[in-house]
Amino acid sequence: MNTPVPEPDRVEPERNLKGSAVLLLVLVLVAVAAWYLTGPARDSTDTSASSSAGSGDVIQQYAEGDRKAVEPFAGALLDGGEFDSTALKGGVSVVNVWGSWCGPCREEAPVLAQVAGETEDEGVQFLGINVRDNPDAARAFERTFDVPYPSIVPDDSPEALLAFGGLLASAAVPSTVVVDPDGRVAARVVGTVTAPTLRALIEDASTGSAVTGR
């Protein structure tokens, strides 16, 4: 009598197949999540214009009805003085978030100093917010680049950043906002800003316009 030959065990291959499918799905989900977190900057704020100034740099201008008012804030300055945000009212102002440890900030510093000097007679005020820094290193940075305007000290920077309603953050360095004469944010640059772009944003803020394609 012939003894039946047992069929090959199919359980283990089926388990391996299912395990491979689950692993593949997990890898796909991880890849999608990584792309989303490290991909181009996203912003849900309604703007009248948004464009890229370069790799990773974003310029946003806000229509008059979409502009956020800057809340009052105060803080100590690197030069030993005290600052009150009421000093910014009545004209266009430029606020820059920076750190002496930030490579792009070193690239941008001469641009900001240049435009600050060029627009001083127009009543444009500049303010720096120094973040995640050592005050002595920050003062050395200011001397190196001959920065002509004051900066909030690192310890007081969190309060100053909060006043801008989420448009400025210590994790996004450098960043710059242009504030209109009514104390509302008219434009924001995440990343380094060029002199022509900054001058144009200042002009637009002073006239109440928001030009596309900047």
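How many cavities of 30 Å³ or more does the structure hold? I looked and found one. I keep in mind that this is a predicted model.

**Entry: overall layout**

I started with the fold elements. The protein has five helices and nine strands. Reading from the N terminus, I noted the order α-β-β-β-β-β-α-β-α-β-α-β-β-α. The protein counts 214 residues, and 41% of them are buried. I then checked contacts with a separation of 6 or more: 68% of these join residues 24 or more positions apart. I also looked up the accessible surface. It comes to about 12000 Å², and carbon and sulfur atoms hold 56% of that.

**Entry: the cavity**

I went back to the cavity. The largest cavity contains about 70 Å³ of space. Which residues line it? I listed Asn96, Trp98, Cys105, Glu108, Ala109, Leu112, Phe141, Val147, Tyr149 and Ser151. By class, I get seven nonpolar, two polar and one charged residues in this lining. Next I asked which elements each supply at least two of the lining residues. They are strand 5 (93-98) and helix 2 (103-119). Helix 2 gives the most, with four residues.

**Entry: the nonpolar core**

I turned to the largest nonpolar core, which has 52 residues. Phe126, Ile129, Phe164, Leu168, Val178, Leu198 and Ile202 have the most contacts inside it. Several elements each supply at least two residues of this core, among them strand 5, strand 6 (125-130), helix 3 (135-144) and helix 5 (195-207). Helix 2 brings the largest share, six residues.

Leaving out residues up to four places away in sequence, Ile202 touches Val92, Val94, Val115, Thr119, Val124, Phe126 and Val178. Phe126 and Val178 are also on the list of residues with the most contacts inside the core.

**Entry: Val97**

I then looked up Val97, which lies in strand 5. Is Val97 buried or exposed? Its relative accessibility is 0%, so Val97 counts as buried; the cut-off is under 20%. What does Val97 touch, beyond residues up to four places away in sequence? I found Ile129, Val131, Leu161, Leu168, Ala169, Ala172, Val173, Pro174 and Ser175. Ile129 and Leu168 are names I had already noted among the core residues with the most contacts.

Last, I checked one distance. Val97 and Ile152 are 55 residues apart along the chain. Their C-alpha atoms are separated by 9.5 Å.

Methods: Residues are numbered from 1 along each chain as its sequence is written. This is a predicted model: local features need pLDDT of at least 70, side-chain atom pairs count only at pLDDT 80 or more; totals for chains, interfaces and linings use all residues. Side-chain values use heavy atoms; hydrogens and water are left out. On a 1 Å grid over the protein atoms alone, a cavity is a set of points where a 1.4 Å probe fits but cannot get out, and a pocket is an open set with protein on both sides within 12 Å along at least five of seven lines; lining residues have an atom within 4 Å of a point. Grid points are joined across faces, edges and corners, and a volume is the space filled by probe spheres set on the points. Ala, Val, Leu, Ile, Met, Phe, Trp, Tyr, Cys and Pro count as nonpolar, Asp, Glu, Lys and Arg as charged, and the others, Gly among them, as polar. A nonpolar core is a set of buried Ala, Val, Leu, Ile, Met, Phe, Trp, Tyr and Cys residues joined through side-chain atoms within 4.5 Å. Buried means under 20% relative accessible area, exposed over 50%, partly exposed in between (1.4 Å probe, protein chains only). Contact means heavy atoms within 4.5 Å. Accessible areas come from the Shrake-Rupley method with a 1.4 Å probe; for residues, only the protein chains shown count as cover.
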